[in-house]
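Notebook open, structure loaded. I'll jot down what I look up as I go.

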Amino acid sequence: MTEKQSLLARKKSKIVLLLINPIFNYITWKEEPNIYYYSLNELIVDRREKLMAWKEQKSDDLISFIEKLNNSEIANNEKLKQILEIQASKLIFINYPRSKENLQELEKWIRFADQSPPVLLLVNFTEKTEKIFVELKNASIVCPLCEKSWKKESTIQDGNFLCPLDKITFSQKEVEEFTEWLLDDHVKKSVEIVEYGKKNKYKIFQRELSLPTDFESEILQKSLQEQINKI
Ligand SMILES: [Zn+2]
């Protein structure tokens with residue numbers, strides 16, 4: 001095949017939208033050849049700037065502000081456009097899009113980049129591990145900036161939360177309210193995304209996994225990776 005021919009025969013990537021409870025955002029996604037992971041981290045610079053400005057003013061409550069921020073992110077997300085051009089066998093979007101509206105917007109860009117329609121990967125955890133899930137939820141808190149989940153005991157001191165990753169601080173109350181809102185919002189929006197996916201004949205993969213008892217990131221990441229590889 002000549003170079004020109006190979007350019008013409010650009011292989012499409014498999015686009016996987018992975019929906020997983022944000023309480024598992026402590027997982028570190030290891031780089032894999034030919035797989036690109038897209039997460040909120042791609043937007044962190046802009047998001048930090050806006051959140052720092054919010055902290056100065058606090059004209060809105062944190063949740064209303066974050067809702068507005070999330071809605072505006074997709075519209076000017078140049079990074080997302082670039083990612084859809086990446087030559088990888090799989091592009092994995094972790095908890096993205098965040099809503100049906102986000103997904104509709106993403107679809108437009110997918111068509112623009114001449115990629116195939118995405119598939120949805122839904123991950124739930126077995127009933128047997130429900131107890132571990134509740135334990136994890138009670139012990140964790142999610143940073144409003146990076147949305148990584150952290151153990152409360154190591155990030156909260158004297159009524160304040162400090163994110164170990166981006167060193168931003170919020171009051172404990174703000175972060176607890178944010179965490180509760182985020183988890184509820186994720187469930188609600190995931191239902192809408194799945195309904196939309198069904199209507200539009202998306203391939204939908206539902207997987208049930210067991211939770212590791214010690215919340216080990218590596219074990220969890222490995223079993224999720226196995227599911228992704230099967231797609
Ligand atoms: Zn953070």
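I started in helix 8 with Phe178 and Trp181: they sit 3 residues apart, so about one helical turn separates them. This is a predicted model, so I keep that in mind throughout. I checked the two rings next: their centres are 5.9 Å apart and the planes make 45 degrees, so I log the pair as tilted. Phe178 and Trp181 are both buried.

Then I searched the whole structure for aromatic pairs and got 9. One of them is Trp29 with Tyr37, also tilted, at 5.0 Å centre to centre and 35 degrees between planes. Trp29 and Tyr37 are buried. I also noted an aromatic cluster made of Phe24, Tyr26, Phe125 and Phe133.

Back to helix 8 (residues 172–199), this time for its packing on helix 5 (residues 100–112): I get an angle of about 45 degrees and axes 8 Å apart. That makes the two helices oblique to each other. On the helix 5 side I find Lys100, Leu103, Gln104 and Glu107, meeting Glu192, Ile193 and Tyr196 of helix 8. By type, the residues of this contact are 3 nonpolar, 1 polar and 3 charged.

Last entry, the zinc ion. Which protein atoms are its donors? I list SG of Cys143, Cys146 and Cys163, plus two OD entries for Asp166, at 2.2 to 2.8 Å from the zinc ion. The spacing along the chain reads C-x2-C-x16-C-x2-D. Cys146, in the loop between strand 5 and strand 6, and Cys163, in the loop between strand 8 and strand 9, are 17 residues apart and link distant parts of the chain. I checked burial too: Cys146 has 10% relative accessibility and counts as buried, and Cys163 is buried at 0%.

Methods: Residues are numbered from 1 along each chain as its sequence is written. This is a predicted model: local features need pLDDT of at least 70, side-chain atom pairs count only at pLDDT 80 or more; totals for chains, interfaces and linings use all residues. Side-chain values use heavy atoms; hydrogens and water are left out. Donors are N, O and S atoms within 2.8 Å of the metal (3.2 Å for Na, K and Ca); water is not among the atoms, so sites may look incomplete. Helices (H or I, at least four residues) and strands (E, at least two) are DSSP runs, numbered from the N terminus. Buried means under 20% relative accessible area, exposed over 50%, partly exposed in between (1.4 Å probe, protein chains only). Axes are lines fitted to C-alpha atoms, for helices over the stretch in contact, and angles run from 0 to 180 degrees between N-to-C directions. Angles under 35 degrees count as roughly parallel, over 145 as roughly antiparallel, 65 to 115 as roughly perpendicular and the rest as oblique. Contact means heavy atoms within 4.5 Å. Ala, Val, Leu, Ile, Met, Phe, Trp, Tyr, Cys and Pro count as nonpolar, Asp, Glu, Lys and Arg as charged, and the others, Gly among them, as polar. Rings of Phe, Tyr and Trp (its six-membered ring) pair if their centres lie within 6.5 Å; planes under 30 degrees apart count as stacked, over 60 as edge-to-face and the rest as tilted.
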